[in-house]
Amino acid sequence: TRENTRANLSAFFQWMVNDEIIPKNPIAALKTIKYKDEVRKPFSEVEIDALRSLCKQIKERAIIELLLSTGVRVSELVNIQISDVNFDNLSVHVTHGKGNKERMTYTTPVCIKHLLNYLSTRNDNLTHLLINKNHEPLSDGGIRYILNTIAKRANVNDVHPHRFRRTFATGLAKRGMKVEEIRDLLGHSDLNTTMRYVYMDDSNVKSSYSKYMN
């Protein structure tokens with residue numbers, strides 16, 4: 001965070017120097033702040049099983065399955081309409097992507113099953129796929145609250161929407177999907193961004209090495 005702040009301020013002041021607004025960059029001598037690049041791991045299979053098994057409400061399980069199978073951002077999830085889901089071909093049309101970009105992602109029969117179970121409990125005319133108990137569209141905060149509630153029951157740490165995206169990307173990569181295809185599903189513009197979502201531990205690398213060398 002501090003390094004990002006330093007870099008942004010330096011760029012801003014340098015722009016002011018270039019446009020002759022100020023004579024020199026006041027933080028030009030401030031050195032880059034070194035930091036340890038923390039490895040952000042996806043959920044393990046044990047953690048996923050725990051989260052699934054400790055869902056007490058139909059809606060909770062539907063949310064877990066949606067995040068795991070589609071890789072959508074939480075801001076995209078809360079804007080999904082029922083009409084955006086094609087229950088027959090297992091696809092989800094993301095219409096409120098980052099940068100106002102639309103894309104198509106896909107889901108699983110298991111997710112569709114839990115979505116239909118959840119929708120069968122609804123008695124309203126709302127178009128949003130997910131709503132709260134007050135019959136209003138579920139918000140980002142509402143999703144995070146639900147996930148935190150499940151996490152406490154399951155005793156799983158660091159449960160947040162973005163970690164589901166990392167789990168989604170890593171799972172597809174381990175199964176052999178091309179990074180370019182994962183990028184499209186995640187809605188990234190830069191392939192390097194997608195690469196930061198894919199976590200490969202030593203066992204994965206060793207397995208791949210044996211596969212291609214033998």
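This is a predicted model: local features need pLDDT of at least 70, side-chain atom pairs count only at pLDDT 80 or more; totals for chains, interfaces and linings use all residues.

Q: Why is Glu 20 called exposed?
A: Glu 20 has a relative accessible area of 72%, and exposed means over 50%, so Glu 20 is counted as exposed. Its place is in the loop between α1 (2-18) and α2 (45-53).

Q: What makes the phi of Glu 20 worth noting, although it is not a glycine?
A: The phi of Glu 20 is positive, about 60 degrees. Most residues other than glycine have a negative phi. Asp 158, in the loop between α6 (140-154) and α7 (161-174), is not a glycine either and has a positive phi of about 55 degrees.

Q: Why are Cys 55 and Cys 111 both called buried?
A: Cys 55 has 17% relative accessibility and Cys 111 has a relative accessible area of 0%; buried means under 20%, therefore both count as buried.

Q: How do you know that Asp 84 has no salt bridge?
A: The nearest side chain of opposite charge, Arg 103, is 11 Å away from the buried Asp 84, and a salt bridge requires a distance within 4 Å, so none is assigned. The side chain of Asp 84 does reach the backbone nitrogen of Gln 81 at 2.8 Å.

Note on methods
Residues are numbered from 1 along each chain as its sequence is written. Side-chain values use heavy atoms; hydrogens and water are left out. Buried means under 20% relative accessible area, exposed over 50%, partly exposed in between (1.4 Å probe, protein chains only). Lys and Arg count as positive and Asp and Glu as negative; His and the chain ends are not counted. A polar contact is a pair of N or O atoms within 3.5 Å; within protein, one must be able to donate a hydrogen and the other to accept it, and residues adjacent in sequence count only if both atoms are side-chain atoms. Helices (H or I, at least four residues) and strands (E, at least two) are DSSP runs, numbered from the N terminus.
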